[in-house]
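Welcome! Please take a moment to look over the sequence and the 3D structure before reading on.

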Amino acid sequence: MIDTTRFTQMKRDKPFTPLGELVYLYLYEEIIRMNLLPGTKLNESRLADELEVSRTPVKYALNRLSDELLVTKTEGKPMMVSPMNKQDTKKLLEACVAIESKAARLAASRIAQEQLEHMEELARECRRTVENERFADHAGCDHAFHCALIAAADNNYLFDMYKIIESRLLHNRHFMLNSIRRDRLKAILTTASRHHDAVLNALRLGFGDIAASEIEQDINGMSEIFGEWK
C-alpha cells in the first residue's frame, strides 16, 4: 500500500496537469525519497486502483521511470523499483566521474559569473545541511551542485549524457545517505563540502585540471559509504 494523500493534494494543486505527468511526479518522489524502497514491486492495476486513476497514466509514468533507470522491467514479471547493489553503484559512479571531470575542465573556461554564484550558494546550503545534521536535505542540494557544474560546461552533448544517469544518481544518494551511521555520514559529508569549495576556487581561477581532480575526489568519496552499507 502507498500513502495517496500527497497525490490527492497534487491533483488539487495542479488541476490542469495531465494525469500521467502527475502520477509520474508522485511516483518519482516516492522512489527518490525512499518511501518506495528498492525492490518494491509496482503492479500497474493496483497502483491505478490506489491512486484512483485509469491504467493509462500509470503505464505512462512507469515507462518514463524505467527510461530514467528508477524502475526495472523484467519479462513476464511486474515492474519494480530498481534494486541497489554495490557493483551497480560502483559502475554508476565511474560514469559520473567520466562525465563530471570533463565538465569541470570545460567549465573552468566557460562558466558565467551568475552560474558561479549559483554554485557558491548551493555549496553553502550543502554545508548548512551538514552542520545542522539535516542529512535528508543534503542529497538534493548536493545533486543540484553537480547538475550546475554540468550546465556550466556549456556542452549539450555532455548534458544529455548526464541526464541519462541523473535520476539514478539522486536515487543512489538518498539510498546511501539512509544506510549508514549519522556520525560517519557527517564526517564524509564534511569532506565533500571541502571538495565543493576546492572545485569553486579552481573554477574562479580557471584551473580546469584542478577542478576536475577535486570533483573526481568528491564523487569517489561516496565509495567510503560502501564500507558502511549494510
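The points below cover salt bridges, a helix pair and a surface patch.

This is a predicted model, in which local features need pLDDT of at least 70 and side-chain atom pairs count only at pLDDT 80 or more, while totals for chains, interfaces and linings use all residues. Residues are numbered from 1 along each chain as its sequence is written, and side-chain values use heavy atoms, with hydrogens and water left out.

**Salt bridges**

- The structure holds 21 salt bridges (a side-chain nitrogen of Lys or Arg within 4 Å of a carboxyl oxygen of Asp or Glu).
- One of them joins Glu30 to Arg6, with the closest N and O atoms 3.3 Å apart. This pair links distant parts of the chain, as Glu30 is in helix H2 (residues 19-32) and Arg6 is in helix H1 (residues 5-13), 24 residues apart. Helices here are DSSP runs (H or I, at least four residues), numbered from the N terminus.
- Glu30 is buried at 8% relative accessibility, whereas Arg6 is partly exposed at 33%. Buried means under 20% relative accessible area, exposed over 50%, and partly exposed in between (1.4 Å probe, protein chains only).
- Arg173 and Asp142 also meet through their side chains, at 2.9 Å from N to O. Here too distant parts of the chain are linked: Arg173 belongs to helix H8 (residues 156-177) and Asp142 to helix H7, 31 residues apart.
- Arg173 counts as buried, with 6% relative accessibility, and Asp142 is buried at 5%.
- Lys90 pairs with Glu94 in a salt bridge whose closest N and O atoms are 2.8 Å apart. Because they sit 4 residues apart in helix H5 (residues 86-110), about one helical turn separates Lys90 and Glu94.
- Lys90 is partly exposed at 48%, and Glu94 is partly exposed at 44%.
- A network of salt bridges links Glu121, Arg124, Glu125, Arg128, Arg134 and Asp137.

**A helix pair**

- Helix H7 (residues 135-152) packs with helix H9 (residues 182-205) at an angle of about 25°, their axes being 12 Å apart. The axes are lines fitted to C-alpha atoms over the stretch in contact, and angles run from 0 to 180 degrees between N-to-C directions.
- H7 and H9 are therefore roughly parallel to each other (angles under 35 degrees).

**A surface patch**

- Leu205, Phe207 and Ile210 make a nonpolar surface patch of about 300 Å². Such patches take nonpolar side chains joined within 5 Å, from residues with over 30% relative accessible area and no salt bridge.
- Ile210 lies in helix H10 (residues 208-220) and is partly exposed, at 44% relative accessibility.

Key: Patch = residues over 30% accessible without salt bridge, like charges linked within 9 Å, V, L, I, M, F, W, Y side chains within 5 Å. Areas by Shrake-Rupley, 256 points an atom, 1.4 Å probe, with all protein chains shown as cover. Helix = DSSP H or I, 4+ residues; strand = E, 2+ residues; numbered from the N terminus. Parallel < 35°, antiparallel > 145°, perpendicular 65-115°, else oblique.
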